[in-house]
Amino acid sequence: METTEKIVESYCRYVKEWFTIPNIKCHGQYEIDLLAVNTTSPNLQRYHIECGVSISGSYSKLTTKEFSTEMLKERVKAAGQRRTLDYFIKRKFNIPEVIEQLKVYGFEQGNYQRIIVTWDATDEARKEAEKNGIVIWDLPNLLNEIADEHLKHRRYFTDDTARTIQLYAMAMTMRR
C-alpha cells in the first residue's frame, strides 16, 4: 500500500470513523485502493476511494486533459495520463473487472460514492468530476483534518501512519 493510501485510510478510520478495506485485488491486475463504509449511517453509506497524488509541479493537479490507453503505455507519458480525470473514470471506476469485484462487497451501481484523492485539481476537473458523480478530496486538507483531530483527542495510536501524523501535528504546535 502506498503512503498516500495509508494516509487516506487513516483519515477514513480515525477522522470519519468509517470501516475500511484497503488494496482489493481485481481480475487482470486491477486493484481498488480503498473501500470504506460508514456503519453509523442508517443505510450504510459506501465509498470507493482511489488515490492519485503527485507533488511534482507539472503533475500535481488532476486535469481534464485527454486520456489515452496508448499514451499510458509510453513511459514518458504515463505519469501525465494518470493525472487525468478520465484515467480514473476509465481505469479505476468504470472498468468491468473493478465493478465485478465491488459487487462482492455489496457495492452496486447507485449505492456508493466514488472519491478521488489528489494533491489538487483544476477547476475544470472539479466541475467535470461533479458532473460524473465523483467527489474530489485534496490530500493537504485531509492531512490538516487528521492533525486537528489528533490534537483534539489525545490518544495513543498503534497504527504507524496515524501515530506519525499525530506526532508531527504535536511537533508543529511547538514550532517557534
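When residues up to four places away in sequence are set aside, Thr 122 touches Lys 61, Leu 62, Thr 63 and Thr 64, contact being defined as heavy atoms within 4.5 Å. The structure is a predicted model, in which local features need pLDDT of at least 70 and side-chain atom pairs count only at pLDDT 80 or more, whereas totals for chains, interfaces and linings use all residues. Residues are numbered from 1 along each chain as its sequence is written, and side-chain values use heavy atoms, with hydrogens and water left out.

Thr 122 is placed in the loop between strand E6 (120–121) and helix H6 (123–131), where helices (H or I, at least four residues) and strands (E, at least two) are DSSP runs numbered from the N terminus. With a relative accessible area of 17%, Thr 122 is buried; buried denotes under 20% relative accessible area, exposed over 50%, and partly exposed the range in between (1.4 Å probe, protein chains only). A polar atom of the Thr 122 side chain lies 3.0 Å from the backbone nitrogen of Ala 125. A polar contact is a pair of N or O atoms within 3.5 Å; within protein, one must be able to donate a hydrogen and the other to accept it, and residues adjacent in sequence count only if both atoms are side-chain atoms.

Thr 84, in the loop between helix H3 (75–81) and helix H4, counts as buried at 1% relative accessibility. Apart from its neighbours within four places in sequence, Thr 84 is in contact with Leu 62, Thr 63, Lys 65, Glu 66 and Phe 67. Ser 54 is found in the loop between strand E3 (45–51) and strand E4 (61–62) and is buried, with a relative accessible area of 17%. Residues up to four places away in sequence not being counted, Ser 54 touches Tyr 59, Ser 60, Arg 83 and Trp 119; the C-alpha atoms of Ser 54 and Arg 83 are separated by 8.3 Å, although these residues are 29 residues apart along the chain.

Strand E1 contains Ile 24, which counts as buried at 4% relative accessibility. Its contacts, neighbours within four places in sequence left aside, are with Tyr 30, Glu 31, Ile 32, Leu 35, Gln 101 and Tyr 105.

Glu 17, in the loop between H1 and strand E1 (19–26), has a positive phi of about 60° although it is not a glycine, and at 53% relative accessibility Glu 17 counts as exposed. In the loop between E1 and strand E2 (30–38) lies Gln 29, another residue other than glycine, with a positive phi near 65°; at 83% relative accessibility, Gln 29 counts as exposed. Gly 28 is also found in the loop between E1 and E2, and Gly 28 is partly exposed, with a relative accessible area of 44%. Gly 28 and Lys 152 are 124 residues apart in sequence and 43 Å apart in space, C-alpha to C-alpha.

Helix H8 (residues 160–173) has 14 residues and reaches 20 Å from its first C-alpha to its last, close to the 20 Å expected at 1.5 Å a residue, the expected span being 1.5 Å times one less than the number of residues. The buried residues of H8 are Thr 161, Ala 162, Ile 165, Gln 166 and Ala 169. Seen down the axis of H8, these buried residues fall within an arc of 130°, so they line one face of the helix; the arc is that of the directions from the helix axis to the C-beta atoms. The cover over the buried residues of H8 includes helix H1 (3–15) and helix H7 (139–152), whereas Asp 160, Thr 164 and Tyr 168, on the other side of H8, are exposed. The N-terminal end of H8 is capped by Asp 159, of which a side-chain oxygen lies 3.1 Å from the backbone nitrogen of Thr 161.

The largest pocket holds about 460 Å³ of space. On a 1 Å grid over the protein atoms alone, a pocket is an open set of points where a 1.4 Å probe fits, with protein on both sides within 12 Å along at least five of seven lines, and lining residues have an atom within 4 Å of a point. Grid points are joined across faces, edges and corners, and the volume is the space filled by probe spheres set on the points. The lining of the largest pocket comprises 22 residues, of which Glu 2, Cys 51, Arg 82, Tyr 87 and Lys 92 lie nearest its centre. At least two residues of this lining are supplied by each of H1, E2 and helix H4 (85–93), and H4 gives the most, with four residues.
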